[in-house]
Amino acid sequence: MVAGGLALLGIGGVAALAGPEGVRKAYGQIRCGRMPDPPEAPPGTLQRSTLDERRVVIGIPPGTRGRIPVLVMLHGAAGDALTPFEMYAVDRYLAAGGARFAVASIDDWPSADVAGELLPYLDDCGLDTERIGLMGWSAGGAGALRLAAELGEEKVAVVVAVAPAVTAAQAPLRELVDIPVWLGCGDRDGWAKQTETMLKGLKALGATAEGGISDGCHNAAYRRRVLPEQFAFVSRHIHLRRAGTGAENAGESE
């Protein structure tokens with residue numbers, strides 16, 4: 001049955017020549033969609049350093065200057081500080097979208113003091129940490145929602161969570177009402193139903209909430225596909241100060 005499906009799509013012969021692993025990969029593309037190639041746009045600067053024996057990686061988009069805002073990315077259970085850049089090519093998506101914010105990640109974020117140590121460190125690196133963005137996948141998505149709820153709208157301008165590994169009953173939805181949230185998941189992901197329930201709950205509470213359920217699985221291919229939409233959402237909100245104070249001008253293109 002799998003072989004027949006592969007043959008209909010014209011990739012059966014290639015998959016068969018590659019052996020069982022080739023068949024599995026080909027079937028995975030049918031079920032979940034192929035991994036998108038990263039944008040061809042040349043990325044900006046990638047800075048690597050160490051904070052309390054943890055790697056910190058900062059991506060600065062090209063054509064920016066001044067103290068630009070920062071989106072802190074929380075990796076999944078099997079990831080590290082390099083995962084956003086090596087697996088998801090976020091620095092290339094930043095460049096392609098003309099973003100005016102940086103992205104930063106840290107090894108083993110659950111045991112790190114993000115608010116008390118990482119943010120002051122990023123501030124010392126020349127980034128604007130007055131109000132930040134948060135983003136995460138799976139366990140990192142759950143962490144982004146939780147941390148945004150803890151820090152509140154005074155500190156968090158926007159949060160993005162992809163297939164957050166948390167039930168709708170445990171998610172801090174009411175605490176996120178005043179923070180714009182992008183929440184999404186692949187339709188073949190085990191967290192799809194919970195994600196959809198959370199998104200409906202946020203909208204019912206009056207939150208600024210976008211995203212949704214679209215084709216894909218719990219994998220990097222889906223996460224790359226939605227990065228342009230997510231970064232556009234972040235760009236619309238991360239430069240805004242609190243209500244009535246206007247937009248931030250830092251990070252304008254040279």
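Predicted model: local features only at pLDDT ≥ 70, side-chain atom pairs only at ≥ 80, totals over all residues.
**Entry 1: the disulfide**

A disulfide is a pair of cysteine sulfur atoms within 2.5 Å.

The partners are Cys 32 and Cys 217, and I find their sulfur atoms 1.9 Å apart, so the pair passes the 2.5 Å cut-off.

Then I checked where the two ends sit. Cys 32 belongs to helix 3 (residues 19–32), while Cys 217 is in the loop between strand 8 (209–214) and helix 9 (220–238).

Are the two ends buried or exposed? Cys 32 is buried, at 11% relative accessible area, and Cys 217 is buried too, at 5%. Both calls follow because buried means under 20% relative accessible area.

**Entry 2: other cysteines**

I also looked at Cys 185. Cys 185 takes part in no disulfide; the nearest cysteine sulfur belongs to Cys 217, and that is 9.7 Å away. Cys 185 is buried, with a relative accessible area of 0%. Cys 125 is another one I checked, and at 34% relative accessibility I have to call Cys 125 partly exposed.

**Entry 3: salt bridges**

Side chains of opposite charge can pair when their charged atoms come close. I followed some of them up.

Asp 80 pairs with Arg 55, and their closest N and O atoms are 3.3 Å apart. Asp 80 lies in the loop between strand 3 (69–74) and helix 4 (83–86), and Arg 55 lies in strand 2 (residues 54–60), so the bridge ties together parts 25 residues apart in sequence. Both ends are partly exposed: Asp 80 has 26% relative accessibility and Arg 55 has 34%.

Which residues join up into a network of salt bridges? I noted Arg 55, Asp 80 and Asp 107.

Asp 123 forms a salt bridge with Arg 67, with the closest N and O atoms 2.6 Å apart. This pair links distant parts of the chain: Asp 123 is in helix 6, Arg 67 is in the loop between strand 2 and strand 3, and they are 56 residues apart. I have Asp 123 as partly exposed at 30%, and Arg 67 as partly exposed at 39%.

Asp 187 and Arg 188 meet through their side chains in a salt bridge, at 3.4 Å from N to O. Asp 187 is partly exposed, with a relative accessible area of 36%. Arg 188 is partly exposed as well, with 41%.

**Entry 4: a negative patch**

Which residues gather in a patch of negative charge on the surface? I listed Asp 52, Glu 53, Asp 113 and Glu 117. I placed two of them on the chain. Asp 113 is in the loop between strand 4 (102–106) and helix 6 (114–124), and is partly exposed with a relative accessible area of 40%. Glu 53 is in the loop between strand 1 (45–51) and strand 2, and counts as exposed at 78% relative accessibility.

Although Glu 53 is not a glycine, its phi is positive, about 65°. Ser 138 is also a residue other than glycine with a positive phi, near 55°. I found Ser 138 in the loop between strand 5 (128–137) and helix 7 (139–151). Is Ser 138 buried or exposed? Ser 138 counts as buried, at 15% relative accessibility, whereas Glu 53 counts as exposed.

Gly 97 is in the loop between helix 5 (90–96) and strand 4, and at 60% relative accessibility I put Gly 97 down as exposed. Gly 97 and Pro 39 are 58 residues apart in sequence, and their C-alpha atoms are 9.4 Å apart in space.

Conventions: Residues numbered from 1 in each chain as written. Heavy atoms only, no water. Helix = DSSP H or I, 4+ residues; strand = E, 2+ residues; numbered from the N terminus. Buried < 20%, exposed > 50% of the residue type's maximum accessible area, 1.4 Å probe, protein only. Patch = residues over 30% accessible without salt bridge, like charges linked within 9 Å, V, L, I, M, F, W, Y side chains within 5 Å. Areas by Shrake-Rupley, 256 points an atom, 1.4 Å probe, with all protein chains shown as cover. Salt bridge = Lys/Arg side-chain N within 4 Å of Asp/Glu carboxyl O. Lys, Arg positive; Asp, Glu negative; His and termini not counted. Charge placed at Lys NZ, Arg CZ, Asp CG, Glu CD.
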